[in-house]
Amino acid sequence: KLESTLSITVVGASGDLAKKKIFPALFALYYEDFLPEDFRVFGYARTEMTDEELRNMISKTLTCRIDQRENCEDKMDQFLKRCYYHAGQYNSEEDFSKLDDKLNEKEVGKLSNRLFYLSIPPNIFVDVVRCASLRASSTKGWTRVIVEKPFGRDLESSRQLTRCLKHYLAEDQIFRIDHYLGKELVENLSVLRFSNLVFEPLWSRNYIRSVQLIFSEDFGTEGRGGYFDNYGIIRDIMQNHLLQILALFAMETPVSLDAEDVRNEKVKVLRSMKQLELENVIVGQYKGHSKGGKSFPGYTDDQTVPKDSLTPTFAAAALFINNSRWDGVPFLMKAGKALHTRRAEVRVQFRHVPGNLYRRNFGTDLDKATNELVLRVQPDEAIYLKINNKVPGLGMRLDRSELNLLYRARYPREIPDAYERLLLDAIEGERRLFIRSDELDAAWALFTPLLEELEEKKIVPEFYPYGSRGPVGAHYLAAKHNVRWGDLT
Ligand code: BG6
């Protein structure tokens, strides 16, 4: 039996994502002994650099964050010794064939597995897979390619990209990353639902009144305005990260945990969604604002963004699923940049208790008495359930209290970064957390008509100050569906 070797090539090695996420995640996997004994990491980019320079660059972002074990520095050195660099153009077969020679050199007499991470803009994905001739590679083991969004701008461009990629790669070689699927609490969503008797029977329109998927960041598009202006928040966050969480949340029970079974259910629920209407969407854009003597730039103050840009940096939407489980339940999504806080969470608001015996104790506002289950994806991971409880004492006063699972208190060990899980899964050939092409298609089919309408009608976003809670339109949208945003109450 041949011994196997793994080569991981990060294409776009000098980019931000590679430096901040990919190399540190690879080091964390190495540190924890998850990488095979025989592995190497290759950086590929256009900049001329020596192996030593690459190692220097990477070393700046590696941390011994897992714990402070003494041998961390040594491990770092050992890891860096396995990192090599190859400079080349992204559209040059010759440059990629030289890389191939380098890979071959280290793989002689071994079963060689190759993982390529395309950490580059999507307009050059196809050049790279063509030039690197990944399907016809000389390797005897597997060759897999990880790609990062954006996977197109709409249904048509996404299909076009899929067709091109499939010309050079088989679908099972393509690993489309949505890093939100690698987040601990998103992974836990299915566990919570399917392995707790107290939740699964409640998971339907009979007991759930609304589901809210909330993403907010307390910084703007600083430095990324050029990229962002071509996409906007709906394409950047909603069509992928939030919709993926929605699919996991709302899908029917899969036959098993196999990748195909889970993804079949996700596609099914995505295809059951009602077409998104403009009247169920509001968009916003942040304006410059001064606070505490400090001034924060507006979105269009960015040099790379046109002054008259209508690109939304905030959006809220009400989505519906046309099936017997979810008919009529609003799935409210909200995503925004330059808001007052950084947070991602799922909020499940339950219905009122019919004929609540204690209704008098809640005054006229029964909404204050509904149960709410919150999964705080980040920061400070937590799951908590808001319940009504008697305030101890001789009177009968009720209080909304919480059953609280705070991860940092319950699980002191640091939670791995999403990229660690996803890279490990790709190495192990586990596809469950990667997006299949029909899933991607269904996601674009849902959002494309809305995006086109917003652009054709030149809908002017509602402005909100940098660092605020976002446009008031989001409240009206929720109120229209008889709910309130849980994060604001
Ligand atoms: C990316 C978006 O996919 O996710 C960014 O393109 C966003 O705009 C980022 O900032 C958020 O990821 P995280 O893991 O920091 O919440």
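**Around F175**

Me: Is F175 buried or exposed?
Reply: F175 is buried, with a relative accessible area of 0%. Buried means under 20% relative accessible area, exposed means over 50%, and partly exposed is in between (1.4 Å probe, protein chains only).

Me: What am I looking at, and how is it numbered?
Reply: This is a predicted model, where local features need pLDDT of at least 70 and side-chain atom pairs count only at pLDDT 80 or more, while totals for chains, interfaces and linings use all residues. Residues are numbered from 1 along each chain as its sequence is written, and side-chain values use heavy atoms, with hydrogens and water left out.

Me: Which strand holds F175?
Reply: F175 lies in strand β6. Strands (E, at least two residues) and helices (H or I, at least four) are DSSP runs, numbered from the N terminus.

Me: And what does F175 touch?
Reply: Leaving out residues up to four places away in sequence, F175 touches R144, V145, I146, V147, A426, G429, E430, R431 and F434. Contact here means heavy atoms within 4.5 Å.

Me: Zoom out. What is the strand order in the open sheet of six strands?
Reply: The order is β3-β2-β1-β4-β5-β6, with parallel pairing. The edges are β3 (83-87) and β6 (174-177), each pairing on one side only. From one strand to the next, the twist averages 20°. Two strands pair if DSSP finds at least two bridges between them.

Me: How many bridges between β2 and β3?
Reply: Five, in the parallel sense, with β2 covering residues 39-45. V41 stands opposite C83 in β3.

Me: Which strands does helix α4 lie across?
Reply: Helix α4 (residues 93-107) lies across β1 (4-11), β2, β3 and β4 (111-118). Its angle to β2 is about 170°. Axes are lines fitted to C-alpha atoms, for helices over the stretch in contact, and angles run from 0 to 180 degrees between N-to-C directions.

Me: Switching topic. How many of the residues in β7 are buried?
Reply: Nine of nine, with β7 spanning residues 208-216. Eight bridges join β7 to β13, and those two run antiparallel. β7 also pairs with strand β12 (residues 331-336), in the parallel sense over six bridges. There, F215 stands opposite A335 in β12.

Me: What is the bridge partner of S210 in β13?
Reply: Q349. Q349 is found in β13, which covers residues 343-350. Q349 is buried too, at 9% relative accessible area.

Me: Which residues is Q349 in contact with?
Reply: Beyond its neighbours within four places in sequence, the contacts of Q349 include I208, R209, Q212, N371, E372 and W485.

Me: Now rings. How many aromatic pairs does a search of the whole structure find?
Reply: 23. One is Y30 with F79: their ring centres are 5.8 Å apart and their planes are at 40°, so the pair is tilted. Y30 is in helix α1 (residues 16-31) and F79 in helix α3 (residues 72-81), so the pair ties together parts 49 residues apart in sequence. Rings of Phe, Tyr and Trp (its six-membered ring) pair if their centres lie within 6.5 Å; planes under 30 degrees apart count as stacked, over 60 as edge-to-face, and the rest as tilted.

Me: Is Y30 buried or exposed?
Reply: Y30 counts as buried, at 10% relative accessibility. F79 is buried at 0%.

Me: How are F296 and Y466 arranged?
Reply: F296 and Y466 are stacked, at 4.9 Å centre to centre with 20° between the planes. F296 lies in strand β10 (residues 294-296) and Y466 in the loop between β17 (462-465) and α14 (473-480), so the pair ties together parts 170 residues apart in sequence. F296 counts as partly exposed at 24%, whereas Y466 is buried at 6%.

Me: Which ring does the charged end of R55 sit over?
Reply: The ring of Y84, 5.4 Å from its centre. K183 lies over the face of Y180, at 4.5 Å from the ring centre. The cut-offs: NZ of Lys or CZ of Arg within 6 Å of the ring centre and within 35 degrees of the ring normal.

Me: What feature does UniProt place at residues 191-485?
Reply: The unreviewed UniProt entry gives "domain: Glucose-6-phosphate dehydrogenase C-terminal". UniProt positions are in the numbering used here, feature names are shortened, and annotations may be inferred rather than shown by experiment. Over residues 191-485 the chain is 28% helix and 24% strand, with the end C-alpha atoms 25 Å apart.
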